[in-house]
Amino acid sequence: MKPLWITMLALLLCRGALAQDAPAPLKPGTGDDVASAYCNACHTSDYIIMNSMFLSADAWKAEVTKMRKAFGAPIDDETAAVITAYLAANYAVPAKP
Amino acid sequence: MRRREIIAGAGAALLASPSVAAESTTLPAELPDGTRAVAQFVNLPDKRRMLRLTDRPPNYATPVNVFTDVVTPNDRFFVRYHLAGVPSAADMDGWSLTIGGDAVNRQIRLKMSDLLDLPTNQVLSVCQCAGNRRGFFDPHVAGVQWPDGGMGCAVWRGPALRDVLKAAGVKAEALEVWVGGADKPPMEGTPPFRKSIPIEKAMDGDTIVAIAMNNAPLPLLNGYPARLVVPGWTGTYWMKHLTNIEVSAEPLKNFWMQTAYRVPAGMFPVQLPFKSQATETTVPITELVVNSLIADPLEGDEVERSGFTIRGVAWDRGTGINRVEISLDGGRNWQDAMLEKPLGPYAYRRFSLPTGSLRPGTYKLMSRATNHAGERQADKLKTNPGGYHNNVPRPIAVVAR
């Protein structure tokens, strides 16, 4: 599942001056492996947990879009939809009425 | 000032008041649950006991108890990166700084020895992340969920930026100074972290290229070997690992200037508007808002009912602190704290208040500062999408026994 470039990038980034712990595991659920693979490339997936649980499903969708459009995350539409659904199911709060 | 003095220099007296307060061990309850789950107190190679928010990129907050002192020690100074490509100290061997752009007469490259030959300035200044206390926003907003330790105050020393620029010759049409550092985007499509400041701020003698922090080299994670110091302005402009400067007649256009780090126009007071980056609806976040922090006692502490002393620091964008009030009852009643001698317009100003004897029970301590411009900390949060400039007094609950 995890594309090779992501593994290589993670290795590259780990050679820095700082010893790094593995990020906290994401909640188990459909798409967790995809989210871990893609959302650990530029920063740890701790960024997801740190920003929970207060974003709505729409806000998570906007975050994934921001990662692609503003930060250049190489994630195609199909993969983005899987990740967005995973985040909505596991890290979102229900929309307020 | 001669070379050797830069690192060995005087002013050590300021650094000599060790903190006696106990270390904070709890995480504020207002932080998002997820933040409370991942944040941890950790030691780093050259930092001790920091609150880790994320380690890649490195984002570490200073524990609150450290702010009983005006000067934040280098090994407790907060760390903030957007991009995970943090250079190593070895990467900085042979470091140099290029100065160019369309508004200089000639492009030049300066080595560390060239900077050491320039006249030296020194400023005791707070460096605060624009998103400090974002974690206390209600409702929460996305971003790094800082509690109140995304800041510190240090003695910064190095040549004034204007003296560095003079070597390249600044043209009359100069509008902005663009700065970039050695930290790298993790992926090709991620915009490199580059920022700009207006030429007026660049020419202010207190804006310096710091090559020393608290009389020592800058720690790697605070921008070794040189960073820009922009007193009174949020940390986003304080470019770490500074490697290139461009003076331009044009505004810098990129994600970090035009999309990130912006606040609604007119929401927060500033002395020097950043006109070249303003739009009708938003402006870049620039000058700090007036603020204060209680560093002792800490949330949840048991205190003596015979009385204890409340201590902390207050700061602002450089007008100076005029007054600090303290409440013991969650903001209903306020009384004036005593202020220590000011140590400069950009520095923390310490305050204290002995409580006198108290009835046993829970007390909600709050502090609220007013600056010399008459601006007081907000009673109600000025919500904004970036989660910036939170200066609402926050109650600290302690129990008197």
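**Rings in chain B**

I started with F255(B) and W256(B) and found both buried. I kept in mind that this is a predicted model. The two rings pair edge-to-face, with 4.9 Å from centre to centre and 85 degrees between the planes.

Next I looked up Y261(B) and Y388(B). Their ring centres sit 5.7 Å apart and their planes are at 15 degrees, so I noted the pair as stacked. Where do the two tyrosines sit in the chain? Y261(B) is in the loop between α6 and β15 (262–264) of chain B, while Y388(B) is in the loop between β24 (361–371) and β25 (396–400) of chain B. Y261(B) and Y388(B) are both buried.

I also jotted down a cluster joined by ring pairs: F77(B), F78(B), W146(B), W156(B) and W238(B). Over all chains, my search of the whole structure gave 14 aromatic pairs.

**Where B meets A**

Then I turned to the contact, which takes 33 residues from chain B and 28 residues from chain A. Together the chains bury about 2,600 Å², with 65% of it on carbon and sulfur atoms. Which residues of chain B lose the most area to chain A? They are D55(B), R56(B) and M187(B), together 29% of what that side buries.

I counted zero salt bridges between the chains, but nine residue pairs in polar contact across the interface. On the chain B side, the elements giving two or more residues are α2 (33–38), β2 (47–55), β3 (58–61) and α6 (255–258). By class, I got 19 nonpolar, nine polar and five charged residues there.

Conventions. Residues are numbered from 1 along each chain as its sequence is written. Chains are lettered from A and ligands numbered from 1 in the order in which they are written. This is a predicted model: local features need pLDDT of at least 70, side-chain atom pairs count only at pLDDT 80 or more; totals for chains, interfaces and linings use all residues. Side-chain values use heavy atoms; hydrogens and water are left out. Contact means heavy atoms within 4.5 Å. Buried area is the accessible area (1.4 Å probe) that two parts lose on being put together, summed over both. A salt bridge is a side-chain nitrogen of Lys or Arg within 4 Å of a carboxyl oxygen of Asp or Glu. A polar contact is a pair of N or O atoms within 3.5 Å; within protein, one must be able to donate a hydrogen and the other to accept it, and residues adjacent in sequence count only if both atoms are side-chain atoms. Helices (H or I, at least four residues) and strands (E, at least two) are DSSP runs, numbered from the N terminus. Ala, Val, Leu, Ile, Met, Phe, Trp, Tyr, Cys and Pro count as nonpolar, Asp, Glu, Lys and Arg as charged, and the others, Gly among them, as polar. Rings of Phe, Tyr and Trp (its six-membered ring) pair if their centres lie within 6.5 Å; planes under 30 degrees apart count as stacked, over 60 as edge-to-face and the rest as tilted. Buried means under 20% relative accessible area, exposed over 50%, partly exposed in between (1.4 Å probe, protein chains only).
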